[in-house]
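Subject: Structure handover

Hello,

Here is the structure I promised to pass on.

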Amino acid sequence: MRAARFAWAGAALWLAAAAALASDQDVGLVTVGADKFLRWYGHSGRTYFIQVSDPDDHLCSWTWAPIIEAGNDEEISYEVDATADKSFFRLKFTDQPTNDPDGDDFDGDGLSNWDEVSLYQTDPLNWDTDTDGLGDGWEVEQGLDAGDDGSVNPANGAEGDPDADGFSNAIEYAIGSSATKTSAEAPATVGLIILTPGS
Ligand SMILES: [Ca+2]
Ligand SMILES: [Ca+2]
Ligand SMILES: [Ca+2]
Ligand SMILES: [Ca+2]
C-alpha cells in the first residue's frame, strides 16, 4: 500500500460502486494509538480508489488520492491523520478484471488508472470526467482541462476554439486534429454534400 495521509476527524464515508452494491463493503475508521486508518474488506478481483473531499468545498469538490488497491480477500488499511476539523472520503471500486491495476486503463480513455489519480485528477472509471464530450486522454494530450467542461474557461469545453482556427474542440476531437495548433493537421474546409433525388 502506498503511504499517503489525509486529514481526518469526525468524518463520514460514502461508497460508490461501478459494478457492485455499495452495501457489499464494510468500511470503518480504526484508531491505532495516535494513528487513524480507513479499513475495509478487499474482495478478490476488485480494484479500489479513494477520493478526498476538498476542505474548502466539502462534499462538492473531490480530489483523487494517489492510491489504487487490489482486493485479495483480506482487509485493506489506508492511513489518514487528524489535522482538520472534518474530512470526508469516498471509496470507489470496480470488478473489471485486471492483472495490472495501476497500468490498466479501465475506462479506455488513453490514460492509465495510475496516471489519472496521480497526475491528472481525472476519473479512472469515466472516460470523460467533465462530461463535455471530449475524452480525458485527448484533453490531456491537447493541454485542455479535463475537469472543466467550459464553464470556467470556455476554451476547455466542446465549443471552445483555443487555436482560433474556426473549428470547435468537439469537431477537432471528432476528426482527430489538434485543438491547439492551426497546423496542417487542422481541416482546411468542412464540406456539406446535399444529395438530391435523380430526375
Ligand atoms: Ca483511463
Ligand atoms: Ca478517465
Ligand atoms: Ca472531457
Ligand atoms: Ca474539458
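Over residues 15–23, pLDDT stays under 50. The model still has 18 contacts beyond four places in sequence for that stretch. Where pLDDT is low, the predicted coordinates should not be read in detail. Among the elements of the chain, strand E1 (residues 12–17) has the lowest mean pLDDT, at 48. H1 has the highest, at 98. For the chain, the mean pLDDT is 84. Of its residues, 78% reach 70 or more.

Now the sheet. Strands E2, E3 and E6 form an open sheet, in the order E2-E3-E6, with antiparallel pairing. Which strands are at the edge? They are strand E2 (27–32) and E6, each of which pairs on one side only. From one strand to the next, the twist averages 35°. E3 and E6 are joined by seven bridges in the antiparallel sense. Glycine 42 stands opposite glutamate 74 in E6.

E4 has its own pairings. With E5, E4 pairs in the antiparallel sense over six bridges. Threonine 47 stands opposite alanine 70 in E5. With E7, E4 also makes six bridges, again antiparallel. Valine 52 has phenylalanine 89 in E7 as its bridge partner. Is E4 largely enclosed or largely open? Five of its seven residues are buried, so E4 is largely enclosed by the rest of the structure.

Next, the cores. In soluble globular proteins, nonpolar side chains tend to be buried together. Here the largest nonpolar core has 15 residues. Those with the most contacts inside it are Leu38, Tyr48, Phe49, Ile50, Tyr78, Leu91 and Val117. Five strands each supply at least two residues of this core: E3 (35–42), E4 (47–53), E5 (62–70), E6 (74–80) and E7 (88–94).

Helix H1 comes next. Which residues of H1 are buried? They are Asn113, Glu116 and Val117. Seen down the axis of H1, these buried residues fall within an arc of 80°, so they line one face of the helix. They pack against E4 and E5. Val117 is also among the residues with the most contacts inside the largest core. Just after H1, glutamine 121 takes a positive phi of about 55°.

Where is aspartate 128 found? It sits in the loop between helix H1 (113–120) and helix H2 (136–142). Not counting residues up to four places away in sequence, aspartate 128 touches Gly133, Leu134, Gly135 and Asp136.

Over to you.

Best wishes

Technical notes: Residues are numbered from 1 along each chain as its sequence is written. Chains are lettered from A and ligands numbered from 1 in the order in which they are written. Helices (H or I, at least four residues) and strands (E, at least two) are DSSP runs, numbered from the N terminus. Two residues are in contact if their C-beta atoms, placed from the backbone, lie within 7 Å. pLDDT is the predictor's confidence in each residue, from 0 to 100. A nonpolar core is a set of buried Ala, Val, Leu, Ile, Met, Phe, Trp, Tyr and Cys residues joined through C-beta atoms within 7 Å. A residue is buried if 20 or more other C-beta atoms lie within 10 Å of its own, exposed if 12 or fewer, and partly exposed in between; C-beta atoms are placed from the backbone. Two strands pair if DSSP finds at least two bridges between them. The arc is that of the directions from the helix axis to the C-beta atoms. Axes are lines fitted to C-alpha atoms, for helices over the stretch in contact, and angles run from 0 to 180 degrees between N-to-C directions.
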